[in-house]
Amino acid sequence: MAAMTPTNLFATVPKRSARAPAAPFLPMTRAEMDALGWDVCDVILVTGDAYIDHPSFGMALVGRLLEAQGYKVGIISQPDWHSADAFRALGKPRLYFGITAGNMDSMVNRYTADRKIRSDDAYTPNGEPNKRPDRAVTVYAQRAREAFPDAAVIIGSIEASLRRIAHYDYWSDKVRRSVLPDSKADMLIFGNAERALVDLTHRMNAGEDIKDIKDLRGTAFMVPAGWLPGPDWGEQGSARVDVPGNVDAHPDPYAMAQEDKSACATDNAAKAPEVIKPIRIMTREERQQLAREQHMRTVVRLPAYETVKDDPVMYAHASRVFHLESNPGNARALVQGHGERDVWINPPPLPLAMDEMDGVYDMNYARAPHPSYGKAHIPAWEMIRFSVNIMRGCFGGCTFCSITEHEGRIIQSRSEPSILREIEHIRDKTKGFTGTISDLGGPTANMYRLACKDKKIEESCRRLSCVYPSICVNLGTDHGKLISLYRKARAIPGVKKILISSGLRYDLAVRSPEYVKELVTHHVGGLLKIAPEHTESNVLSKMMKPGIGAYDEFKAMFDKFSVEAGKKQYLIPYFIAAHPGTTDEDMLNLALWLKKNNFKLDQVQTFMPTPMAMATTMYHSRRNPLKRVSQDSEVVETARSGKVRKAHKAFLRYYDPENWPILREALVKMGRGDLIGNGEKHLIPAWTPGEENLKAAPEGKRAMPTLAPGARSGPGPKPAPGAAGGRHAAGRAAVPAAVARGGRANALTGSLTARESVDTKARASILDTIKVKAKPAAPAGKGAPRGRK
């Protein structure tokens with residue numbers, strides 16, 4: 001494998017005076033290539049998204065990075081996949097095709113959690129649906145191979161990352177093979193691909209065959225069964241890492257049983273002369289170094305695809321072993337059999353240093369969609385055009401989220417000067433800027449420059465989360481650098497307001513009251529989203545999320561500092577239905593908590609199993625991979641049937657008359673008919689004549705009246721582009737009943753949400769609220785996706 005101290009990403013970049021000027025946009029047609037004087041592209045990138053030349057979009061970032069290295073890069077955006085013709089548009093690439101589905105997994109992009117096809121696509125001009133195929137990486141790679149059979153094909157992005165081993169596929173309800181053999185690609189690059197892609201491109205440009213390049217971190221490829229990189233390598237079966245099932249007890253080395261020498265008897269009466277070997281005394285440091293070298297030359301064999309596809313317990317075991325080998329500092333290579341060949345997966349890529357992150361984001365982006373789209377509205381572009389990505393990665397490890405699996409647990413942050421320069425670029429170059437930066441964030445709002453206190457501890461750690469079940473004592477939680485960044489960003493001339501719209505990790509925030517005060521005083525546009533996800537410890541333990549007490553602690557701080565700032569501001573808590581480990585009783589308790597706190601959830605989300613996530617493993621196998629897996633290990637109860645999932649979702653919208661029939665049936669079945677009635681103690685009302693005429697407005701279009709006197713009506717959080725490992729594809733907003741009698745549409749997202757009042761006056765009863773909801777509702781704009789953490 002590559003060394004632990006890699007070459008700087010920009011070490012081989014020629015000086016600006018020695019390289020060609022950056023293209024206004026990377027070419028998408030032959031005519032654009034001709035205008036640039038190109039006969040051929042070195043690399044052609046294929047994407048399922050519209051081409052927007054902005055660092056928040058993977059193809060633009062990768063394309064500009066390779067351009068800076070001196071290569072000619074073309075883009076094929078949202079090609080017609082029904083034939084290979086569209087893949088011949090720019091000719092054959094001199095080095096390779098780079099294939100991705102785009103910023104989102106194509107199946108998450110196209111289907112809801114109920115497996116219903118979505119009506120729009122945020123990454124397509126005018127939100128037009130059906131502009132990409134199911135499992136786009138596989139389809140695009142096959143078409144590229146059909147167009148030019150002898151061209152090298154490399155696959156990557158979130159879709160390829162999450163499918164690099166055998167994985168449960170929710171949409172077909174079966175375990176599918178790794179995407180590598182299905183796509184017939186030469187190589188898969190997973191995670192953040194910059195380092196591997198630059199090294200690979202340089203080596204191929206120097207004449208190396210891609211089939212001979214097998215030592216790059218962050219890459220996967222097919223090899224013959226049993227292949228090893230060299231004679232000094234060894235293989236370890238995963239059963240020695242984590243035992244899946246019953247095994248024979250190991251013999252006790254201290255037992256006083258008599259040794260049976262009969263089995264060792266031979267026909268040779270005479271013994272061979274005893275060979276005496278000298279014992280070499282090694283220092284502790286030498287022993288540790290030898291152990292490290294042996295460790296890094298060991299590949300761990302996962303149970304084969306043919307095994308895990310039919311055995312849920314072995315699938316859960318494989319998932320656990322896979323996730324334990326995810327720290328770049330100590331991860332070993334993995335191998336998994338697929339028929340007569342193996343999928344070989346090198347250790348994860350090493351994180352980028354701060355100056356490398358700066359270089360990636362400081363390149364000459366046009367910061368606009370390609371001119372060929374004209375005035376078309378591209379929703380994802382509108383979401384992020386005035387936002388700045390300040391970091392990547394997440395050490396939260398939430399089991400339902402793919403960010404950690406794709407970007408890793410180590411936070412990679414940009415420097416203050418780089419971030420401030422980008423804000424100035426937005427001010428000076430982005431059309432429509434009125435002085436408001438919609439977000440300074442990333443996968444989370446407040447992990448900027450947080451890291452382990454000791455690099456050696458970080459490299460040896462095998463924890464799946466730095467903050468669960470409690471915040472690690474070795475984790476630095478000082479928010480001082482982030483506070484400094486906020487203050488300097490606000491001071492930039494022409495910037496009137498900076499909002500923080502990325503999901504906030506509130507269990508970290510409460511460690512820094514100064515940060516909470518800074519955030520609440522200056523950076524909340526009326527609403528702040530946080531994600532308790534649930535109230536019940538049984539469910540939270542399967543999510544690897546903190547208890548609801550952390551939410552209460554943060555809310556107290558938030559309310560206190562809002563009052564001190566003289567502002568009416570409200571928390572938007574998000575919750576998830578039907579997560580693995582959730583019972584009907586858990587959802588009922590959550591609904592009662594919502595009623596007690598007078599919250600109404602506007603948009604709600606049902607758990608969607610995405611490939612490779614640990615919660616998906618629980619959903620498929622009914623085993624908990626957070627613990628050692630065996631045939632008799634903990635069984636995770638999971639809502640799988642459509643009826644149960646629908647009931648769990650209904651509990652989150654207990655106030656909606658459309659859900660009352662579902663909830664009445666569920667409550668009676670649970671023996672909780674005492675919660676049906678027309679009193680304050682009841683969750684839902686008893687049936688009344690004419691109930692069928694009480695209809696709540698559709699999700700995301702529920703009207704709400706004006707805010708209570710004196711309440712502030714500033715813009716809410718910016719929706720973020722959904723990604724299964726980037727930001728989530730569907731958000732949920734909470735509407736407190738205390739202000740359900742008044743409100744207006746959120747000016748930024750178009751979703752209709754009220755704000756939780758910080759007043760101490762008594763709140764309206766749930767029945768009064770229901771009567772208000774019975775009035776005809778005026779429709780408004782559709783709720784946009786939001787990220788959460």
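1. Arg622 sits in the loop between helix 22 and helix 23. Helices here are DSSP runs of H or I with at least four residues, strands are runs of E with at least two, and both are numbered from the N terminus. Phi of Arg622 is near 60°, a positive value in a residue other than glycine. Most residues other than glycine have a negative phi, and most peptide bonds are trans. Arg622 counts as partly exposed because its relative accessibility is 35%. (Buried means under 20% relative accessible area, exposed means over 50%, and partly exposed lies in between, with a 1.4 Å probe and protein chains only.)

2. A word on the model. It is predicted: local features need pLDDT of at least 70, side-chain atom pairs count only at pLDDT 80 or more, and totals for chains, interfaces and linings use all residues. Residues are numbered from 1 along each chain as its sequence is written, and side-chain values use heavy atoms, with hydrogens and water left out.

3. Helix 22 (residues 614-621) packs against helix 10 (residues 312-324) at an angle of about 170°, with the axes 9 Å apart. Axes are lines fitted to C-alpha atoms, for helices over the stretch in contact, and angles run from 0 to 180 degrees between N-to-C directions. The two helices are therefore roughly antiparallel. (Under 35 degrees counts as roughly parallel, over 145 as roughly antiparallel, 65 to 115 as roughly perpendicular, and the rest as oblique.)

4. Which residues of helix 10 and helix 22 make the contact? Helix 10 gives Pro312, Tyr315, Ala316, Ser319 and His323, while helix 22 gives Met614, Thr617, His620 and Ser621. Contact means heavy atoms within 4.5 Å. The contact residues divide into four nonpolar, five polar and no charged. (Ala, Val, Leu, Ile, Met, Phe, Trp, Tyr, Cys and Pro count as nonpolar, Asp, Glu, Lys and Arg as charged, and the others, Gly among them, as polar.)

5. Two strands pair if DSSP finds at least two bridges between them. Five bridges join strand 21 to strand 22 (residues 570-577). Leu528 faces Leu571 of strand 22 as its opposite residue, and Lys529 stands opposite Ile572.

6. Is strand 21 mostly covered or mostly uncovered? Mostly covered: seven of its seven residues are buried. In a regular strand the side chains alternate between the two faces of the sheet. In strand 21, Leu527, Lys529, Ala531 and Glu533 point one way, and Leu528, Ile530 and Pro532 the other. Glu533 has a positive phi of about 70°, although it is not a glycine. Glu533 is buried because its relative accessible area is 0%.

7. Tyr468 and Pro469 are joined by a cis peptide bond, with omega about 5°. Pro469 is in the loop between helix 15 (455-460) and helix 16 (480-490).

8. Finally, an annotation. An unreviewed UniProt entry places the feature "binding site" at Cys394, Cys398 and Cys401. UniProt positions are given in the numbering used here, feature names are shortened, and annotations may be inferred rather than shown by experiment. Cys394 is in the loop between strand 16 (391-392) and helix 13 (403-407). Cys394 is buried at 0% relative accessibility, and Cys398 is buried at 4%.
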